[in-house]
2 protein chains.
Amino acid sequence: MIHHDFLARLAKPNDTKIVLLVLDGLGDIRTAEQTRTALEAAHLPNLHKLAQWSALGRLLPVAPGVTPGSGPGHLGLFGYDPASPEADIGRGVLEALGEGIDIVPGDVAARGNFATADADGNLTDRRAGRIPTEECSRLCAAINPLLPKTAGLEARVYPGEGHRFVLHLRGAALSAKLADTDPQQLGVPPLPVRALGPEAQATAAQLEPVVAAIQRAIAKEPRANRALLRGFDTLPHLPQMPALYRMRCGAFAGYPLYRGAAKACGMTLVACGKSFAETVDAARRSWEEFDFLFLHFKKPDMAGEDGDLTAKVAALESVDKGLPDLLGLGPTVVAITGDHSTPVPLKGHSWHPVPLLVHGPFCSIDGLPEFTERSIVQGSIGTIPSYQLMGLLLANAGRLAKYGA
Amino acid sequence: MIHHDFLARLAKPNDTKIVLLVLDGLGDIRTAEQTRTALEAAHLPNLHKLAQWSALGRLLPVAPGVTPGSGPGHLGLFGYDPASPEADIGRGVLEALGEGIDIVPGDVAARGNFATADADGNLTDRRAGRIPTEECSRLCAAINPLLPKTAGLEARVYPGEGHRFVLHLRGAALSAKLADTDPQQLGVPPLPVRALGPEAQATAAQLEPVVAAIQRAIAKEPRANRALLRGFDTLPHLPQMPALYRMRCGAFAGYPLYRGAAKACGMTLVACGKSFAETVDAARRSWEEFDFLFLHFKKPDMAGEDGDLTAKVAALESVDKGLPDLLGLGPTVVAITGDHSTPVPLKGHSWHPVPLLVHGPFCSIDGLPEFTERSIVQGSIGTIPSYQLMGLLLANAGRLAKYGA
């Protein structure tokens, strides 16, 4: 049986609150050059003190050696096996959901980048110098009136942050088996629209004039004269968390992808800033509305991607500073973990298990001294797949009935 | 492939003996109030000495966060995945088997409680003041002659311990999809017989006059004037351990549920007392008859359920005292573990992993100082699903052939 369906058989309501705090990219590694991880290098008195009264362990996002994207990383935390077909969702759809775009089953969405090409049409900047969001909005507003109106396909672009946008397609019998037009390299032109299977040929044929219209609309733009598409996908039919776990689930995340992942799972999206303090403030304002609160903090991942240990340390220290405020809200159970590791030496997501802390009245206190990659290996939770965390949270919150007599 | 079938392909006989000692509810937790677990608080010189020469680890009965009942907990230890459909057995059938009731495939059994109701028929005590076993036997003897004799259904009640009894039904095409008549609360009358699906409507119709007859038979009784039924189930068709593992398997358990679980798996039930010393004595008397001896000791679980750390400590110390006698029998392999944790602070079963000790000539000696929840996390066995223990025991006893050339 699928794990979340097994848990759903046992889930029962209770007057308890669960906070899942996701420090994006939390885990890190030691190398000959980087002898301390961010958790080891940072000054984290509140986090270490909490750890001393918690159960510790590690989450394995997908499988040993498998590096997850942010989508699979979060779906795992929400109780879905990210390697299962049901959880195979493209980033385009997740971001579109997170932008509040009204996607319905059957629609297709893709992520877009505004980019820059030279006179020969070869890409010189895949992010168009990271144009500001206002410029992105202006470009989208210019594009939409020029998109072809056909009976079979309705297309629209939506601005995201900076150079990012979302292409949303609605039509009959659309397929998302479409190749990226983003070549992921410079010095070459964008790739043509291409079906990845016979079932997508009709959609590719419909999409071609849309992509051409986008190209025509921005061809003369000085800052961004190309558009690159990737991650075509349809809206998934995931079983929804409130029904599975009998909890009111709220998502406090400042970035579209994480909002989208939460929405795909049935959580209610709450308006939220991006700093840790703003995220905690938002949780405080909506505290009575939810039983399960997912708080997302992006900065450790960004710092890891930038290879910036100092920034990762600062991000973790900002969490430590705000932690008493979060605990002051009085959650029954608090879990602190990440969707994946983003080690500074790797400058990107990685496969390394992610530190996990679970605090609650019956978590069993491990009595380990600190919340670091070294310490957690001795934790009582051990190393478990991310998708099994939800069972542990429900159990600690008194929300799982006994299995069998 | 189902795990036990995989093991069965490799199982081979050998002149070795395995003792599986189940300390029911063994595992415990630390909380702010209970700073030591029972294993940590108890004086256990023999157990810790054995641990120093053993491999240690932990068993996960079902999945992280999932609290097993005693049935699933034991079926896991016997090599069956308790989350699989084959192992989904109701307590009624397990207890009925354990009481020696001659159940055959197709029969239905349910657990019964004698209870007390007031003049309005509302329940005042769901356990009838825990009437003594003799009173229960007298009530059952009074009920059986009054049960309806029909062509389609043969019904009989069997006394259990105290207020408990078993209702056994035999007939053609019976279904166990029947709702409990036990409302699990006071101040209301027992629930009527009710089918949980169309396939059980005929059985429900046949059962109604039986329940009415039980009710009439005890209506005027001063101590127990109601009967409550729960956990209707049929006899499972589990593959049998002696055939799977090519061992003569004996069960030494004083309580019906555990005897029933062992019998459902094909073990031979041996008459046995309830103290640890009596259990070891019984094993000694039957030592030559079996290759695999399952010894069950209930007291740690009872103490945990009562929230009584002192009693749990005393139960473990009684095991420690008798341990040299058990080891003196000369088993090749000894495993000491539990079917689940019953932490004192929770006063009930829990989801926490269960301590495991495996001792044998080739177990690999971990050299850890003691058998406690803290120590075992560092054990070489790691944390494995309970249903995988059997493979480890067979291997340590030289009873598993190499897989592949």
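In this predicted model, helix 10 of chain A, formed by residues 276–285, lies across strand 8, strand 9 and strand 10 of chain A. The direction of helix 10 is at about 165° to that of strand 10 of chain A. Helix 9 of chain A, residues 256–264, also packs on the sheet, where it touches strand 8 (249–252), strand 9 and strand 10 (292–297) of chain A. Between helix 9 and strand 9 of chain A the angle is about 150°.

The sheet in chain A is open and consists of 8 strands with mixed pairing, arranged in the order 9-8-10-1-11-12-2-13. Strand 9 (268–270) and strand 13 (382–385) of chain A are its edge strands, and each pairs on one side only. From one strand to the next, the twist averages 25°. Within this order, strand 1 (residues 18–23) and strand 11 (residues 333–337) of chain A are joined by 5 bridges in the parallel sense. A:Val22 has A:Thr337, in strand 11 of chain A, as its bridge partner.

In chain B, an open sheet of 8 strands has the order 9-8-10-1-11-12-2-13, again with mixed pairing. An antiparallel pairing over 5 bridges links strand 2 (residues 55–60) to strand 12 (residues 354–359) of chain B. In strand 12 of chain B, B:Leu356 is the residue opposite B:Gly57. Helix 14 of chain B, residues 389–396, lies across strand 1 (18–23), strand 2, strand 11 (333–337), strand 12 and strand 13 of chain B. Helix 14 runs at about 155° to strand 11 of chain B.

The largest nonpolar core contains 263 residues, and the residues with the most contacts inside this core are A:Ala335 and B:Ala335. Leaving aside residues up to four places away in sequence, A:Ala335 touches A:Leu20, A:Leu21, A:Leu356, A:Leu357, A:Val358, A:Leu389 and A:Leu393.

At the level of domains, chain A is divided in two. Domain 1 is made up of residues 3–89 together with 237–396, while domain 2 covers residues 101–234. The centres of domain 1 and domain 2 of chain A, taken over C-alpha atoms, are separated by 33 Å.

Key. Residues are numbered from 1 along each chain as its sequence is written. Chains are lettered from A and ligands numbered from 1 in the order in which they are written. This is a predicted model: local features need pLDDT of at least 70, side-chain atom pairs count only at pLDDT 80 or more; totals for chains, interfaces and linings use all residues. Domain bounds come from an automatic or database domain assignment. A nonpolar core is a set of buried Ala, Val, Leu, Ile, Met, Phe, Trp, Tyr and Cys residues joined through C-beta atoms within 7 Å. A residue is buried if 20 or more other C-beta atoms lie within 10 Å of its own, exposed if 12 or fewer, and partly exposed in between; C-beta atoms are placed from the backbone. Two residues are in contact if their C-beta atoms, placed from the backbone, lie within 7 Å. Two strands pair if DSSP finds at least two bridges between them. Helices (H or I, at least four residues) and strands (E, at least two) are DSSP runs, numbered from the N terminus. Axes are lines fitted to C-alpha atoms, for helices over the stretch in contact, and angles run from 0 to 180 degrees between N-to-C directions.
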